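Dear colleague,

Please find below the structure I am handing over to you. My notes on its surface and its charged side chains follow.

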Amino acid sequence: MPLSEHEQRLLDQIEQALYAEDPKWANTVRISDPRSHYKRRLIKASIGFALGVVIMMVGVVVSGSALIPLGVGGFVVMLAACLWGLSSWKRMNGFGDSPPAAPGGGTAAPRGKQPRRGNRGTFMERMEERWRRRHDER
């Protein structure tokens, strides 16, 4: 249902006020493709991973038992950055919990894959069904 002229004017005024108040945030929110957000998160995760490597190497190379926790902390930073980057990469490529939004606003099927036809059930239900079919054939 389209907006009335009055509602459209109000929406335009709100949008202009938002741009005037915080243009950087408004521009970030305006981006309709969530993959760009995931790309940004992936870049940040890569930087975090590299930082974790540096911290771990400092903790390992510099002599002294007091710096061993620094090496362990660097490994934890690497692990956290890796997990964050992988989750962003999965969502960016359409393997996450929710598919990425299409530029038109709807949801898009992941590239290179056909949408599922019907609900096939969980993994265990499918395996049980296979087992039953094999058992019935004998």
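In these notes, a residue is buried under 20% relative accessible area, exposed over 50%, and partly exposed in between (1.4 Å probe, protein chains only). The model is predicted: local features need pLDDT of at least 70, side-chain atom pairs count only at pLDDT 80 or more, and totals for chains, interfaces and linings use all residues. Residues are numbered from 1 along each chain as its sequence is written, and side-chain values use heavy atoms, leaving out hydrogens and water.

The whole structure contains 3 salt bridges, each being a side-chain nitrogen of Lys or Arg within 4 Å of a carboxyl oxygen of Asp or Glu. They involve helix 5 (residues 123-137), where E128 and R132 lie 4 residues apart, about one turn of the helix; helices are DSSP runs of H or I with at least four residues, numbered from the N terminus. The closest N and O atoms are 3.7 Å apart in the bridge of E128 with R132, and 3.1 Å apart in that of R132 with E129. R133 also meets E129, at 3.9 Å from N to O, and these two are 4 residues apart in helix 5. Together, E128, E129, R132 and R133 are linked in a network. E129 is partly exposed, with a relative accessible area of 35%, as is R133 at 46%.

Elsewhere, L83 belongs to helix 4 (residues 68-92) and is exposed, with a relative accessible area of 53%.

Kind regards
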